[in-house]
Amino acid sequence: MKRTLSLLAATTTFVAPAYAEDLSVVGSWSSLPLHKAYEAPFWSETLPGAGDFNVELTTHNQMGLGLSEIYPLLGQGVYDVAMTVADYAVGDAPELEGLDVPLLAMTADEARAMVDAARPMVADIYRARFNAEVLAIAPYPPQVVFCNAEINSFSDLAGLKVRASGRMTALFLEALGAEGVNVSFSEVPGALQNGVVDCAVTGAGSGYSAGWWEVSTHLLPIPLGGWDHVVTAMNADRWDALSADKQNLVRDQISSGFEEPAWASAQDALVNDIACLTGNGDCASGDARNMVLVDISDADFATARGILVGDVLPDWAERAGGDWAARWNDSVGQVVGVTIK
């Protein structure tokens, strides 16, 4: 009997009890498709179902957080995981603007290639600036232009007031002769209706869901505002405290259960959203609207790319400083065939 008890004690000594990790997670806009279709199911069902994780999920708009506060508060450990558009953080990290450069990716595959090339830079930025570990980068739909004015080309934006979706987009608009105006997403419909702005940049699906078609007449379906990448990151201290097995589990699950499905739907979502806004094609999301679809000529596009490469990217390189332009040239620049001089 003594020998049996001794063997039992020796055996149980080496069996560590399993325990669940509690994670507080702050998602992106609760009303938009990325959160509803991918973020919420992943954090509420997929990850808890795959391992020992208990997740308490909310969103930054439900918490009333300022958009520029989200990642700094994450770094301080106010919550464990956060996700929002990277452009909201460029005030603290101007080098982060290199993740989402407008007019370089026309398709979801091209945007994904840019993200994959930029990922090592983004990981370094989040560790250094926000004490955070990057877990995923997923797209909102391309950031297109809604106008409550007749628009037939890029040149028609000159003299208009345009709500931009990021600093690079604002600089590009200014180079075109437009005035970049800072208006929050929720305030845009009123601003368009009252003439505070003439045009506004956001994702086609976001604009459809938010009813921007009610106060806009013309749609420029070109990614003037890039793809508005949403970065999911975990507080670095919290991440480093996880076991290697749990880190690998989180990375595997967030890649297969969140990031890959979000990218896979991005291109079809754009086609559907344009159909819903303009009536050109089948709208699977609801009633089709009748905005005028503006076709950008090859000459207009070439002019726009010239402004981007000649003015906007060099301005970013100077503001970012350090070796960020060189790192961008050697990674993203190689993918898109653009060099910052």
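Modeller: Two residues are in contact here when heavy atoms of one lie within 4.5 Å of heavy atoms of the other. The model is a predicted one. The part to look at is Met83, which lies in strand β3, residues 81–85.

Met83 has a relative accessible area of 0%, so it counts as buried, the cut-off being under 20%. Leaving out residues up to four places away in sequence, Met83 touches Val25, Val26, Gly27, Ser28, Glu39, Trp43, His60, Tyr71, Val230, Val231 and Thr232.

Helix α2 covers residues 33–50 and has a kink of about 55 degrees, centred on Phe42. Phe42 and Met83 are 41 residues apart in sequence, and their C-alpha atoms are 13 Å apart in space.

Two packed helices are described by the angle between their axes and the distance between the axes. For α5 (residues 108–130) and α10 (residues 244–278), the axes come within 8 Å and cross at roughly 145 degrees. On the α5 side the contact is made by Ala108, Ala111, Arg112, Val115 and Arg119, and on the α10 side by Glu259, Glu260, Trp263, Ala266 and Gln267. By class, this contact has five nonpolar, one polar and four charged residues.

Side chains of opposite charge can pair when their charged atoms come close. A network of salt bridges links Arg112, Asp116, Arg119, Glu259 and Glu260. The structure holds 14 salt bridges.

Arg319 takes part in two salt bridges that can be described one after the other. With Glu97, the N to O distance is 2.8 Å. Glu97 sits in the loop between β3 and α5, while Arg319 sits in helix α11 (residues 298–320), so this pair ties together parts that are 222 residues apart in sequence. Glu97 is buried at a relative accessible area of 2%, whereas Arg319 is partly exposed at 26%. With Asp315, the N to O distance is 2.7 Å. Asp315 and Arg319 are four residues apart in α11, which means about one helical turn separates them. Asp315 is partly exposed, at 27%.

Another salt bridge joins Glu133 to Arg127, with the closest N and O atoms 2.8 Å apart. Glu133 is buried, with a relative accessible area of 15%, and Arg127 is partly exposed at 34%.

That leaves the covalent links. A disulfide is a covalent bond between the sulfur atoms of two cysteines. The whole structure has two disulfides. In one, Cys147 is joined to Cys199, with an S to S distance of 2.1 Å. Cys147 is in strand β5 and Cys199 in strand β8, so the bond ties together parts that are 52 residues apart in sequence. The torsion about its S-S bond is about 110 degrees, and the disulfide is therefore right-handed. Cys147 and Cys199 are both buried. The other disulfide joins Cys276 to Cys283, at 1.9 Å from S to S. The link of Cys276 and Cys283 is right-handed, with 95 degrees about the S-S bond, and both cysteines are buried.

Note on methods
Residues are numbered from 1 along each chain as its sequence is written. This is a predicted model: local features need pLDDT of at least 70, side-chain atom pairs count only at pLDDT 80 or more; totals for chains, interfaces and linings use all residues. Side-chain values use heavy atoms; hydrogens and water are left out. Axes are lines fitted to C-alpha atoms, for helices over the stretch in contact, and angles run from 0 to 180 degrees between N-to-C directions. Helices (H or I, at least four residues) and strands (E, at least two) are DSSP runs, numbered from the N terminus. Ala, Val, Leu, Ile, Met, Phe, Trp, Tyr, Cys and Pro count as nonpolar, Asp, Glu, Lys and Arg as charged, and the others, Gly among them, as polar. Buried means under 20% relative accessible area, exposed over 50%, partly exposed in between (1.4 Å probe, protein chains only). The bend at a residue is the angle between axes fitted to the seven residues ending there and the seven starting there. A salt bridge is a side-chain nitrogen of Lys or Arg within 4 Å of a carboxyl oxygen of Asp or Glu. A disulfide is a pair of cysteine sulfur atoms within 2.5 Å.
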